[in-house]
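Dear colleague,

I am handing over the structure we talked about, and below it you will find some notes on what turned up in it. Please read them with the structure open beside you.

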Amino acid sequence: MTQHVQAGYDADVAVIGYGPTGLVGALTLARKGVGVVAFERDKDIYARARAVTVNDWTMRIFQELGIDERIEKVIEPQRALRWVTYDGHEVMRVEHPASTLGTRNTKPRFYNIYQPTMEAELRRCGEELDSLDVRYGAEVIAVEQDADGVTVTARDRETGVETTARARYAIAADGGSSPTRKLLGIHMLGDTVDTLWAVVDCKVKRWWPDRDYLTFWTDKERPVVDIALSAGNHRWEIPLKPDETEADFPTSAEVWPLLEALGVTADDVEIHQHAFYRHHVRAAETWRRGRVFLAGDACHLMPPWAGAGMQTGMRDAHNLGWKLARVLTGELGEEWLDTYEAERRPNADFYTGLAVGLGRVIKQEATPREIEAMNTIPENTITPWEPPLTAPPVLAGGWLNGERGDGSAIGRMVPQPICGDAVGTMARLDDLLPDGFVLLGADLDPATLLTAEQKAQWDGIGAAYIAVRPRTAYTRGPGELVDIEDVLLPWLARYGARAVAVRPDKFVAAADRTGLTAPTL
């Protein structure tokens, strides 16, 4: 599906930076038929394996993009997380339950990835979309905007030739040093941690016990991250001591003593690259300047301990992408774009805080009381408790109507069991739902619970109305689904909801318990 780009524009949206964040933004837009031009300064994928994991929320985004099965072929399930001292004492463990967002509860909650491989597959997916034009080797040197659009000037890094492209909006996903952010005059607030970390990527030569755990070796002086990556790769992240510098490790020969101190030998792995990084806790003062939006590392930087940096950027781009696409097609008003930062900043702040807290554990800075609090299961909760690192996602703010909290469905992502439709098709919920806003009713037509004014509000944004029948019942019409796995109806009952309004990103925006009036912008 290709949308005709408005006269006077080269594309509807310009995407600056074509790493994982830019890719998800471009794919989300282009799959809706939006014309996208993407600029990427490098011709080749960055060879360093930076991110190490994705979870089921990210996989559900891939599912919406129609690429989840392709991505699953280049990633691998993750077993669990553990924090262990060098003398073998296990400080803390986080087991990974089966996904609540998958199918028949057999999908993993977390996956290990090898970022260059996954990124290459994402690029191949983009190559199949006619409405996506990617310009590699193009370094953006100017971003100018007016009331009607954005003009992006890029310079070819080989020839020096400069070209311009005119778009209605732009997404800057050009990394932590974001030249676009600087061109816009947006400041980053926060700190950079002084400690320099050596990141050592290796090829596995043989299996060793418990290699498939993501292990944090906790130590005040030399805490280490020890993680299996996909495709036969493994990584160690090791902090340098105050008297050590990057210059002390010019080749793999100098890196080997760091691994040997952990009991890793040349019989186990072969070092194929190493690099050095510092951790940041920083965020942009605003994520938008006019028609240009920041996404991913361009607007937030966090330590790696929660495995959420890359994923947070991808979720930024998806959130912005589905809204921009509908604004550009006239389905939603431009004021919808104001919800982007309102919804995404709290989530980025949450994962940044979580990463900082987990970093205190690995560096043995957390007190026993803090560690106990992380593992204490609250009593009498309506929502089954899970550690924050693995718990299903919740929106803290944005386009929502009603109270949020333990006993509310508002802001939660609706689970995704196998369902059946009226003609007998069985598939994952998302694959059976229409594209857009949907009201789901518990064995009833949700439209019957609406006032005329509420119905007009939901009709105004193209909502569909679907009755979810129990598997013991007959369907009564075409706009119905059957809860084959007995997941959706009990989930609604848990929160006392007879009907919920579900957004295109599968988060619940409203429930009859607190009112099915469409949220205000």
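A residue is called buried when its relative accessible area is under 20%, exposed when it is over 50%, and partly exposed in between. Please keep in mind that this is a predicted model.

With that cut-off, D268 counts as buried because its relative accessible area is 7%, whereas R206, at 43% relative accessibility, is partly exposed. These two residues form a salt bridge, in which the closest N and O atoms are 2.7 Å apart. The pair links distant parts of the chain, 62 residues apart, since R206 sits in the loop between strand 12 and strand 13, and D268 in the loop between helix 6 and strand 16.

The structure holds 43 salt bridges, and another of them joins R344 to D316, again with 2.7 Å between the closest N and O atoms. R344 belongs to helix 8 and D316 to helix 7, so this pair ties together parts that are 28 residues apart in sequence. R344 is buried, at 1% relative accessible area, and D316 is buried as well, at 0%.

A salt bridge also connects D443 and R469, at 2.9 Å from N to O, and R41, D42, E139 and R157 are linked in a network of such bridges.

Best wishes

Key: Residues are numbered from 1 along each chain as its sequence is written. This is a predicted model: local features need pLDDT of at least 70, side-chain atom pairs count only at pLDDT 80 or more; totals for chains, interfaces and linings use all residues. Side-chain values use heavy atoms; hydrogens and water are left out. A salt bridge is a side-chain nitrogen of Lys or Arg within 4 Å of a carboxyl oxygen of Asp or Glu. Helices (H or I, at least four residues) and strands (E, at least two) are DSSP runs, numbered from the N terminus. Buried means under 20% relative accessible area, exposed over 50%, partly exposed in between (1.4 Å probe, protein chains only).
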